[in-house]
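Welcome! Take a moment to look at the sequence and the 3D view, and then we will go through a few features together.

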Amino acid sequence: MSLRKRIETSEFLAALLARIAGGYLAFCNRTTSWQVEGLDDLKTALDGGPVLLVMWHSRSVMGALHWPVDAAPLSSLYDKSPIGRVSGALQRRVGLQPMEMSRKLSNRAASRTVLRRVKEGVSIGMTGDGPLGPALLVKDAPLEWARATGLPVFCYAFSTSKSRRLSSWDQMMVPKPFGNGAYVFRRAGGLSASRKMTDDEIEMLRRNLQHALTDAAHRADALAGVAPGP
């Protein structure tokens with residue numbers, strides 16, 4: 001059996017890899033000099049209830065460590081891919097409540113799962129373009145759940161002066177220790193989502209979220225003192 005298949009089927013192996021990856025990312029988090037923007041705004045919003053947190057897949061690897069778990073619970077979505085399984089195990093390690101989204105699960109069934117968590121007061125976190133891309137293009141899922149839940153939408157991004165980009169579809173940013181970094185939470189302004197929207201309104205919503213996500217990433221880059229990237 002290939003390593004990929006073993007990760008997809010083994011909770012133990014996914015948890016082991018998450019422990020290794022989590023230890024490395026926690027070390028990078030501790031040794032990076034972070035600037036933080038928008039965390040107080042996020043906490044203020046959370047005082048009123050859950051939010052929908054969206055990020056580009058390329059900037060997602062530190063999201064679990066930067067979410068204010070002491071302020072409110074977060075239930076993030078992941079699939080059964082190797083990276084998805086390890087990500088889900090890592091999120092559990094830091095106190096989040098990840099949900100595995102089966103590819104065989106209908107959109108309606110998935111939405112019921114998400115809505116149940118929201119009614120329990122749990123925020124929802126997801127990537128705008130993941131898990132398979134194409135990169136930096138907002139897919140339907142965040143739009144559908146923004147419309148279904150009516151939650152305030154916040155964007156997240158991180159950047160660091162010491163990192164490497166993986167040779168993956170999204171050029172994922174992975175931090176290195178002892179750098180200067182920044183992470184940003186920013187409410188996506190001008191987004192008014194509802195269940196009844198025309199196709200043109202949905203596409204406008206997609207473009208607005210796409211711009212908000214990119215702006216958050218570029219703001220994190222600027223605070224970290226690096227050139228803007230994906």
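A residue is called buried when its relative accessible area is under 20%, exposed when it is over 50%, and partly exposed in between (1.4 Å probe, protein chains only). At 12% relative accessibility, Tyr183 therefore counts as buried. The model is predicted, so local features need pLDDT of at least 70 and side-chain atom pairs count only at pLDDT 80 or more, while totals for chains, interfaces and linings use all residues. Residues are numbered from 1 along each chain as its sequence is written, and side-chain values use heavy atoms, leaving out hydrogens and water.

**The sheet**
- Seven strands make an open, mixed sheet in the order 1-9-6-2-5-3-4; strands are DSSP runs of E with at least two residues, numbered from the N terminus, and two of them pair if DSSP finds at least two bridges between them.
- Strand 1 (33–37) and strand 4 (99–100) stand at the edges with a single partner strand each, so one side of each has no neighbour in the sheet.
- Strand 2 (residues 52–55) pairs with strand 6 (residues 153–160) in the parallel sense over four bridges, and Met55 stands opposite Tyr156 in strand 6.

**The aromatic rings**
- The whole structure holds four aromatic pairs, where rings of Phe, Tyr and Trp (its six-membered ring) pair if their centres lie within 6.5 Å; planes under 30 degrees apart count as stacked, over 60 as edge-to-face and the rest as tilted.
- Trp34 and Tyr183 are edge-to-face, 5.6 Å centre to centre with 70° between the planes.
- Trp34 lies in strand 1 and Tyr183 in strand 9, so this pair ties together parts 149 residues apart in sequence.
- Tyr183 also forms an edge-to-face pair with Phe185, at 6.1 Å and 90°, and Phe185 is buried too.
- Ring pairs link Trp34, Tyr156, Tyr183 and Phe185 into a cluster.
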